Amino acid sequence: MRKIILSVILITILVLSVFSIYFQSETTTLGAHVVALKLDTGDTAWMIVASALVLIMTPGLGFFYGGMVGKKNVISTMLQSFMAMVIVTVLWVLVGFGLCFGPSIGGIIGDPTSNFMFQGVNATTAWELAPTIPFILFAFFQAKFAIITPALITGAFAERVRFWAYLLFMVLFIIFIYTPLCHMTWHPDGLFFGWGVLDFAGGTVVHMSAGWAALAGAMFLGKRKVQKVNPARITYVLLGTGLLWFGWFGFNAGSAVGASGLAAQALGTTTVAAAAAAMAWVFLDKIVGHKLSAMGACIGAVVGLVAITPAAGFVTIPHAIAIGIIASMVSNFVCGKFPKGKIDDALDVFACHGVGGMVGMLLTGVFASKSVNSIVGDNQGLIYGDATLFLIQLKALVLVSIFAFAASYALFFIVNKITPLRVSEDKEELGLDITQHGEYL
């Protein structure tokens, strides 16, 4: 089986090299929702910066997760995030972007042939909802969201997953789970978009999908031999949190797709939600008898960032504070009550990203205001006396949760049939750094 897998990888690389020579992407034909570019240099400059900010979140996540695991698994855990940048970038150019933003097939998925190998993705046209920046810039900005999503999942099955199996799962996850959710939510012809679902920067597409996949992975792979390990480097966790917070300004403010007042609003809601959530987490820890810890502050901040993501461009600053505090308290409670003895979600990915994303999704339906963003329209949040948007958000939440969990569990099952997902007990004991990569700290 190992020789077959290596042969498939080699053939894939050779075929890809031939395709990259043959195909050209400079065509300028306008397809569905692709329009003539009305270039704004300020918007373009900001979106280049935002794309870089979002990308730095993935190595930041690597530090965040790497500092939490045991010393024998730091390199492997960080490399899982790094390889997401490598594999998903190439996959995005091949078919990922077309599946997300190509002509809609039933509102569920895009046509992968429309932008295969970035055909028609160039610097002379634009996406309909981002007409002032080059189409190619929009495409690569969106790629960064796809990159970090499977990397988020890795914290759930840390310290026991085979690296090659993880890479295969990552490819399948992007194709069969991430791209339909992205298309349904952010494509003008997408199913959720048509319903009026609001997800400014990825609470549904990124965090809920990753959270439910993480829960499926933790259940499928089973428990580690030793569940309680001392974090390898809490300083890595602090560094990772700083990079995530810094990069999240690109994640959320960049989702305004321009240097605008909406981008500034999203930047403000992002930072206050993170601060409020970190404060709530450590204070709650103290109230229940724990010490005020660096880990708690970092986890709280990340939960706040997760929760504000779907709401960042739809809510006011005071409401962002409320979102951060509520999400922090709910995730803290779930972390404390999660059945760790039965389900080994190693780094509490579901409790933080999955639950944080769901809380943010619902609270968008509570606090969204048309005074912040006109796209909200008359279906404002529940606090303004209308339950329509809240019910829309709730319906999407239920459907996404069922789909993401069931499809992820199925993918884990399929990957395990192709190549074992879990390392042997002796390799787990030795640590993944040395057994999977031949390296150690």
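The expected span of a helix is 1.5 Å times one less than its number of residues. In this predicted model, helix H11 has 21 residues and reaches 30 Å from its first C-alpha to its last, close to the 30 Å expected.

**Helix H11**

- The buried residues of helix H11 are His 319, Ala 320, Ile 323, Gly 324, Ala 327, Ser 328, Ser 331, Asn 332, Val 334 and Cys 335.
- An α-helix has 3.6 residues a turn, so residues three or four places apart point the same way.
- Helices H9, H10 and H12 are among the elements that cover the buried residues of helix H11.
- Ser 331, a residue of helix H11, has a relative accessibility of 0%, and it therefore counts as buried, the cut-off being under 20%.
- Apart from its neighbours within four places in sequence, Ser 331 is in contact with Trp 281, Val 303, Ala 351, Cys 352, Val 355 and Gly 356.

**The largest nonpolar core**

- The largest nonpolar core contains 139 residues, and Phe 64 and Tyr 178 touch the most other members.
- Helix H5, which covers residues 163-186, gives the most to this core, with 15 residues.
- In soluble globular proteins, nonpolar side chains tend to be buried together.
- When its neighbours within four places in sequence are set aside, Phe 64 is in contact with Tyr 236, Val 237, Gly 240, Thr 241, Leu 244, Cys 298, Ile 299 and Val 302.

**Thr 241 in helix H8**

- Thr 241 is located in helix H8, which comprises residues 234-253.
- Because its relative accessible area is 5%, and the cut-off is under 20%, Thr 241 is buried.
- Beyond its neighbours within four places in sequence, Thr 241 is in contact with Phe 64, Cys 298, Ala 301 and Val 302.

**The largest pocket**

- The space in the largest pocket amounts to about 1,100 Å³.
- Its lining consists of 35 residues, and those nearest the centre of the pocket are Met 295, Ile 299, Lys 340, Ala 346 and Asp 348.
- Sorted by class, the lining has 18 nonpolar, eight polar and nine charged residues.
- At least two residues of the lining are supplied by each of helix H2 (41-66), helix H9 (261-287), helix H10 (294-308), helix H11 (317-337) and helix H12 (349-367).
- Ile 299, one of the residues nearest the centre of this pocket, is also in contact with Phe 64.

Note on methods:
Residues are numbered from 1 along each chain as its sequence is written. This is a predicted model: local features need pLDDT of at least 70, side-chain atom pairs count only at pLDDT 80 or more; totals for chains, interfaces and linings use all residues. Side-chain values use heavy atoms; hydrogens and water are left out. Helices (H or I, at least four residues) and strands (E, at least two) are DSSP runs, numbered from the N terminus. Buried means under 20% relative accessible area, exposed over 50%, partly exposed in between (1.4 Å probe, protein chains only). Contact means heavy atoms within 4.5 Å. On a 1 Å grid over the protein atoms alone, a cavity is a set of points where a 1.4 Å probe fits but cannot get out, and a pocket is an open set with protein on both sides within 12 Å along at least five of seven lines; lining residues have an atom within 4 Å of a point. Grid points are joined across faces, edges and corners, and a volume is the space filled by probe spheres set on the points. Ala, Val, Leu, Ile, Met, Phe, Trp, Tyr, Cys and Pro count as nonpolar, Asp, Glu, Lys and Arg as charged, and the others, Gly among them, as polar. A nonpolar core is a set of buried Ala, Val, Leu, Ile, Met, Phe, Trp, Tyr and Cys residues joined through side-chain atoms within 4.5 Å.
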